[in-house]
Amino acid sequence: MLEPLRQGLPPLDPAAVSDAASCSLPARYEAVGDARRFTRRTLDQWELGDHFDDICLVVSELVTNALRHAVPVNSVLSGEQKPPVRLHLMRWTERLVCAVRDPSQDSPVAGDSDDFSAESGRGLFLVDSFSDSWGWHPMTGALGGKLVWALFRLQPHAGPAAASTE
């Protein structure tokens with residue numbers, strides 16, 4: 001599942017994840033707010049609250065795209081009870097990955113709009129701009145669908161010794 005995350009970086013060992021959290025999101029647009037609140041709580045628990053703005057923006061875009069493009073319209077409109085979207089946050093020492101799983105096998109497509117006043121169509125452009133890399137991977141087996149992920153590099157915390165002045 002994490003193979004595409006290599007992209008010029010040292011390999012990630014899924015067993016070396018230091019923290020992981022996930023939540024199911026229902027098929028309703030209010031779930032984007034639920035995803036932001038979940039992300040805030042999780043990052044605060046991991047003492048990564050200073051990264052919240054960029055990560056939250058990306059989480060919001062990925063969840064919105066999943067609800068808008070990957071979940072059948074009648075599911076969103078009816079507020080179907082079976083959660084079709086799942087948000088995963090995984091942290092390694094110097095990296096954090098946000099991943100959103102949805103039921104569609106279709107690849108995400110970046111909008112092709114030069115209209116910067118448009119109210120939609122720039123989600124993947126924002127994901128690309130605010131994360132260090134992103135991509136998607138089809139799911140196999142009983143789960144089906146796909147996983148769209150964004151990777152953030154985390155700066156190691158400088159301890160008191162590193163803060164000394166010359």
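The accessible surface of this protein, worked out with the Shrake-Rupley method and a 1.4 Å probe, comes to about 9,600 Å², and carbon and sulfur atoms hold 49% of it. What you're looking at is a predicted model, where local features need pLDDT of at least 70, side-chain atom pairs count only at pLDDT 80 or more, and totals for chains, interfaces and linings use all residues. Residues are numbered from 1 along each chain as its sequence is written, and side-chain values use heavy atoms, with hydrogens and water left out.

Now for the layout. The protein has 4 helices and 5 strands, in the order β-α-α-α-β-β-α-β-β from the N terminus. Those are DSSP runs numbered from the N terminus: helices are H or I with at least four residues, strands are E with at least two. Of the 166 residues, 42% are buried, where buried means under 20% relative accessible area with a 1.4 Å probe, protein chains only.

Let's zoom in on helix 1. Residues 31-45 make up its 15 residues, and it reaches 21 Å from first C-alpha to last, close to the expected 21 Å; that expectation is 1.5 Å times one less than the number of residues. Its buried residues include Ala31, Phe38 and Leu43, and strand 1 and helix 2 are among the elements that cover them. Just after the helix, Glu47 has a positive phi of about 55°.

Thr39 sits in helix 1. Why is Thr39 counted as buried? Because its relative accessibility is 0%. Its C-alpha lies 7.9 Å from that of Val59, 20 residues away along the chain.

| Residue | Contacts, heavy atoms within 4.5 Å |
|---|---|
| Thr39 | Phe52, Ile55, Val59, Leu87, Leu89 |
| Leu87 | Ala21, Ser22, Cys23, Leu25, Ala35, Phe38, Thr39, Val59, Ala99, Val100 |

Leu87 also turns up in the largest nonpolar core, which has 33 residues; Leu87 is one of those with the most contacts inside it, along with Leu25, Val59, Val63 and Leu96. Helix 2 gives the most to this core, with 9 residues. Apart from it lies another core of 8 residues, among them Trp92, Val97, Leu147 and Leu151. A nonpolar core is a set of buried Ala, Val, Leu, Ile, Met, Phe, Trp, Tyr and Cys residues joined through side-chain atoms within 4.5 Å.

Terms used
Buried < 20%, exposed > 50% of the residue type's maximum accessible area, 1.4 Å probe, protein only. Contact = heavy atoms within 4.5 Å. Lists of a residue's contacts leave out its neighbours within four places in sequence.
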